[in-house]
Every structure is written in structure tokens, then in C-alpha cells.
Amino acid sequence: MRDLAAAAEGGPELALNSDRTVELAELAEGLDGRRARRAGELVLDTRRRLTVNVSEPLALEALAFRLEFLLSRAR
């Protein structure tokens, strides 16, 4: 998500996965960079929740729903 946000904000050279810049640019086309950053925040929040014994399947399912809602509306 970090790399996707970088590409969406016009900074693909900041991507950690520099071998994927073409794919990232395609995915980021028309994507609101703020929503991409928020998606990254949701992933980090879920990772934190997993460290405090949250049910892994439920946390990941909730993350998937949140990301789908957030990113489907981003275009």
C-alpha cells in the first residue's frame, strides 16, 4: 500500500519495490493518493491489532472489507 500511495501521489521513484513501478503506475492511475495512504493506515492498524490477540481471520476479513470499500470509491 505504501508503494501504491507513492505512485498515486506522483512519486513512483519512492516505491520500495522498484521492480514493480510499471504495475504500480497502472494500479495507481486515477487513484486518489489520500485514499491509498488511508489504505496503508488500515493495514498498519490491523497489524497492531493482531499483536493484541485479535482473531486473525476476523481482523483480516474486516481489513478486506474496509479496503474494498475505501479503494472502490477512490476512482
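Predicted model: local features only at pLDDT ≥ 70, side-chain atom pairs only at ≥ 80, totals over all residues.
The secondary structure consists of four helices and zero strands, so that, since helices and strands are numbered from the N terminus, the order of elements reads α-α-α-α. The C-alpha trace spans about 35 × 25 × 15 Å along its principal axes, and of the 75 residues in the chain, 28% count as buried. If we take the contacts with a separation of 6 or more, residues 24 or more positions apart account for 58% of them.

Now to the charges. There are 12 positive and 13 negative side chains in the chain, and the centres of these two sets lie 7 Å apart. A search of the whole structure finds seven salt bridges, and I will take you through a few of them.

One of them joins E23 and R20, whose closest N and O atoms are 3.4 Å apart; E23 is partly exposed, with a relative accessible area of 34%, and R20 also counts as partly exposed, at 46%.

Helix α3 takes in residues 33-50, and here we find R38 and E41, whose side chains meet in a salt bridge at 3.3 Å, N to O. Because R38 and E41 are three residues apart in helix α3, about one helical turn separates them. R38 is partly exposed at 39% relative accessible area, and E41 counts as partly exposed at 43%.

Further along helix α3, D45 and R49 are four residues apart, and therefore again separated by about one helical turn; their side chains meet in a salt bridge at 2.8 Å, N to O. D45 is partly exposed, with a relative accessible area of 24%, while R49 is partly exposed at 40%. What joins D45, R48 and R49 into one network? The answer is that their salt bridges share partners.

Finally, let me turn to the nonpolar side of the surface. Which residues make the nonpolar surface patch of about 300 Å²? They are L50, V52, V54 and L60. L50 lies in helix α3, and this leucine is partly exposed, with a relative accessible area of 31%, so it passes the patch cut-off of over 30%.

Methods:
Residues numbered from 1 in each chain as written. Heavy atoms only, no water. Helix = DSSP H or I, 4+ residues; strand = E, 2+ residues; numbered from the N terminus. Buried < 20%, exposed > 50% of the residue type's maximum accessible area, 1.4 Å probe, protein only. Contact = heavy atoms within 4.5 Å. Lys, Arg positive; Asp, Glu negative; His and termini not counted. Charge placed at Lys NZ, Arg CZ, Asp CG, Glu CD. Patch = residues over 30% accessible without salt bridge, like charges linked within 9 Å, V, L, I, M, F, W, Y side chains within 5 Å. Areas by Shrake-Rupley, 256 points an atom, 1.4 Å probe, with all protein chains shown as cover. Salt bridge = Lys/Arg side-chain N within 4 Å of Asp/Glu carboxyl O.
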